[in-house]
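Here is a friendly walk through the aromatic rings and charged side chains of one protein model. Please have a look at the sequence and the structure before reading on.

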Amino acid sequence: MYRSLLFIACCLMLLISCEHEIDFDYPTSETMVVFDGRVTNEGVFVRISETRPMSDSTKHHVISDAQVWIGSDDGNEEQLYYDAHEQRYLSPTGLIGIPGHTYTMRANIGGRQFEASATMSLPTPVDTVYFRSLDVLKQRIYFLCIKGRNAYPDDRNYLLLQLWRGDELYRWNPHSGRSSVDGIYEYDIVCTSEKEIEEGVDDEGKVPLMDGDVVNLEVMSIDRKCWEYFQSLSYGQSMMTNPITNIQGGAQGVFMAASVTRPDTLVFHRVEPTDE
């Protein structure tokens, strides 16, 4: 059966959205501090950079001389150290996030104080991951389908889905659990189209997902404030507006506490359209 016109329109919109790296290149004429901080079940890191004015053709640069602390609601706090090779701040003790705890990041940059907090959710089980395709307005579009169970069946669950091709962040999408039924969720990530595959490298030098490409999926269970950031970031990339940040002190970016689930590695191959 054919999808509704609304679904078709959404597919085409998704095909051109949420497809760029999260490069935190904000549309502003002022220099701004930008945070990418994460506490997960895999570890801790904080990356701090500084934007350039739009008239400056150089990219933003990493800030390496900040003082950064990570604290937890259990009363523990530690200062992170800067790793020049990874260009980010890391935990000296190998701190691992624990679901249910709230974590706070504090930073001092040249006397300026910044702070943010986030609560770590339970991990989200993933039952099935597979590729499928649909013919939409005479164009074949390929999706990655993810099915699983919500960590909180009776509440709205907030997720960030990230699809990696090697070390390249190929696609990402935030979800808020609106489509869950009886605690079961099913989400799609628009990956590519037959037209993109045939055309190859686009005008920006980006290569579409091709037959035989190896990809890995990250399912990150996040809190509402972090979801609002990524949701507004996906809209802001097309409308040239800054996203809703949870960083206090006049900076941009996000500090998140997330449980990460990693399904098995996948290999992309073209598939025939489904009847859905």
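Rings of Phe, Tyr and Trp (its six-membered ring) pair if their centres lie within 6.5 Å; planes under 30 degrees apart count as stacked, over 60 as edge-to-face and the rest as tilted.

A word on the background. This is a predicted model, in which local features need pLDDT of at least 70 and side-chain atom pairs count only at pLDDT 80 or more, while totals for chains, interfaces and linings use all residues. Residues are numbered from 1 along each chain as its sequence is written, and side-chain values use heavy atoms, with hydrogens and water left out.

**Aromatic pairs**

The structure holds eight aromatic pairs. One of them is edge-to-face because the rings of F131 and F268 have their planes at 75°, with centres 5.0 Å apart. This pair links distant parts of the chain, 137 residues apart: F131 belongs to strand β10 (residues 126–136), and F268 to the segment after β17 (266–267). Helices (H or I, at least four residues) and strands (E, at least two) are DSSP runs, numbered from the N terminus. F131 has 13% relative accessibility and therefore counts as buried, a word that means under 20% relative accessible area, with exposed over 50% and partly exposed in between (1.4 Å probe, protein chains only). F268, at 0%, counts as buried too.

Y158 and W227 make a tilted pair, with 5.4 Å from centre to centre and 50° between the planes. Y158 lies in strand β12 (residues 158–165) and W227 in helix α3 (residues 224–239), so the pair ties together parts 69 residues apart in sequence. Both Y158 and W227 are buried.

**Charges over rings**

A charge sits over a ring if NZ of Lys or CZ of Arg is within 6 Å of the ring centre and within 35 degrees of the ring normal. Here are two cases:

| Charged residue | Ring | Distance to ring centre |
|---|---|---|
| R88 | F45 | 4.3 Å |
| R171 | Y170 | 4.3 Å |

D223 is found in the loop between β15 (214–222) and α3. Which residues does D223 contact, leaving aside its neighbours within four places in sequence? They are A118, T119, S121 and Y158, where contact means heavy atoms within 4.5 Å.

**Confidence**

The chain averages a pLDDT (the predictor's confidence in each residue, from 0 to 100) of 85, and 83% of the residues score at least 70.
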